[in-house]
Amino acid sequence: MIKRVALLGSTGSIGTNTLRVLNSLPNRFELVSLCAGSNAELLCEQAEYWRPKRVCIAQGAKEVQARLAPLGIEILEGNAGLQDLSVDPDVDLIINGLAAGVGLRPTLSAVRAGKDVAIANKETLVVAGHLVTAWAKQTGATLLPIDSETTPLWQSLQETNREEVKRILLPASGGPFFDYTQEQMAGVSRDQALNHPTWQMGPKITIDSATLMNKGFEVIEAQWFLDLPVSKIDVIIHRQSIVHCLIEYVDGGMMAHLSTPDMQLPIQQALVHPEKLPTQVEPLDLTKVGTLSFFQPDTERFPCLQLAYQAVEQGGTAPAVLNAANEVAVYAFLDDRIGFLDIPRVIAQALDEHEASEDTLEAVFDADRWGRDRANELICSLES
Ligand code: MG
């Protein structure tokens, strides 16, 4: 059966890699819709090639309208359009590659409508993992993780009794400041932070990788996708980004998943699960890699990782505040308003002040708003 797909975030790194994967898998998927933030030029190019039924753009609808309407493509706009795409009856599978907080609502709507969702947007499960997974159980929607670590873990653990798993290890590259001192880190620029050693990604997730918050989010996300408590999820620094995950069993044995770092692999793994099919990912030559090194993460220099565990411990709406405060702080850093080490400071303060409540949908949205407002106030006080 051909799966009918909506690709949200089509012009970002997940989106463009997903289109490469879909191109190499003809007759399996029909691309029904594409959605982008502001890159009208690339969205139009993609639509001219793929000829979807509809496209949606947050900003720049005029240009898109002029180019795509004559091709018979329907043009939608903004959040309302995004909402329509996520519950479109013509679609079976939503691929969510949206950046940051924008990704939450379409996932919630799609899961409630019983659609399968492939989720690359970590923020969704960080903020509302409990709700999304509970609703998916109710509606029969399948949640598929897209992440170089979580996808192979999720696939490997399908048939595994969780009692047999002692713990899993999520490797982190350590980012560009792996060997910086605290003093050096205080003064790093936006451009230094955006220079990730392995992956080419959007600015938000690249900063999250530099602070290790991205790995903290992965820990939170992994507990929902893998049905494991965070006490069984550890992080290890692995500079080469060749080992993507490790499973340690109670008998002392360990299994690792290795590959050339290329997002096309987890994307395809999720999309054709449980099959394995050829990809264009460069085969891994271990003799060329030579050495694999591992280190304990330094949570003094990278407090964001610990803040993620703290948010899980606080429970309820605390992870929503973690995400909200982080997002505001990261964009403030990208705007040169605060320093790199102010990012964890702002988040820690917001988390400490937050009184976590039970995570109903309303409470999650309230906590999200509160976290953003409080982070903004804290950033203003740092500036003055
Ligand atoms: Mg990852």
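Biologist: In this predicted model, with which residues is Ile168 in contact, leaving aside its neighbours within four places in sequence?

Modeller: Contact here requires heavy atoms within 4.5 Å. Once the neighbours within four places in sequence are left aside, Ile168 is in contact with Leu153, Leu157, Leu226, Leu228, Lys232, Ile233, Asp234, Leu246 and Ile247.

Biologist: Which residues are the protein donors of the magnesium ion?

Modeller: The spacing of the donor residues in sequence is D-x1-E-x68-E. Asp147 lies in the loop between strand E7 (143–145) and helix H7 (150–156), while Glu218 lies in helix H11 (residues 213–226), so the pair ties together parts that are 71 residues apart in sequence. At 2.1 to 2.2 Å from the magnesium ion, the protein donors are Asp147 (OD), Glu149 (OE) and Glu218 (OE).

Biologist: Is Glu218 buried or exposed?

Modeller: A residue counts as buried when its relative accessible area is under 20%. Glu218 has a relative accessibility of 1%, and therefore Glu218 is buried.

Biologist: Is Asp227 buried or exposed?

Modeller: Asp227 is placed in the loop between H11 and strand E9 (233–237). Asp227 is not a glycine, yet has a positive phi of about 55°. The relative accessibility of Asp227 is 59%, and exposed means over 50%, so Asp227 is exposed.

Biologist: What is the phi of Asp336?

Modeller: Most residues other than glycine have a negative phi. Asp336 lies in the loop between H15 and helix H16 (342–353), and is exposed, with a relative accessible area of 60%. Although Asp336 is not a glycine, its phi is positive, at about 60°.

Biologist: What is the omega of the peptide bond from His273 to Pro274?

Modeller: Most peptide bonds are trans. Pro274 is found in the loop between helix H12 (264–272) and helix H13 (286–289). The bond from His273 to Pro274 is cis, with omega near 5°.

Biologist: Which residues make the nonpolar surface patch of about 310 Å²?

Modeller: One of its members sits in strand E11 (residues 254–258), namely Leu258. Leu258 is partly exposed, with a relative accessible area of 32%. The patch is made by Leu258, Leu286, Leu292 and Phe294.

How values were computed:
Residues are numbered from 1 along each chain as its sequence is written. This is a predicted model: local features need pLDDT of at least 70, side-chain atom pairs count only at pLDDT 80 or more; totals for chains, interfaces and linings use all residues. Side-chain values use heavy atoms; hydrogens and water are left out. Patches are made of residues with over 30% relative accessible area and no salt bridge: like charges are joined within 9 Å, nonpolar side chains (Val, Leu, Ile, Met, Phe, Trp, Tyr) within 5 Å. Accessible areas come from the Shrake-Rupley method with a 1.4 Å probe; for residues, only the protein chains shown count as cover. A salt bridge is a side-chain nitrogen of Lys or Arg within 4 Å of a carboxyl oxygen of Asp or Glu. Helices (H or I, at least four residues) and strands (E, at least two) are DSSP runs, numbered from the N terminus. Buried means under 20% relative accessible area, exposed over 50%, partly exposed in between (1.4 Å probe, protein chains only). Donors are N, O and S atoms within 2.8 Å of the metal (3.2 Å for Na, K and Ca); water is not among the atoms, so sites may look incomplete.
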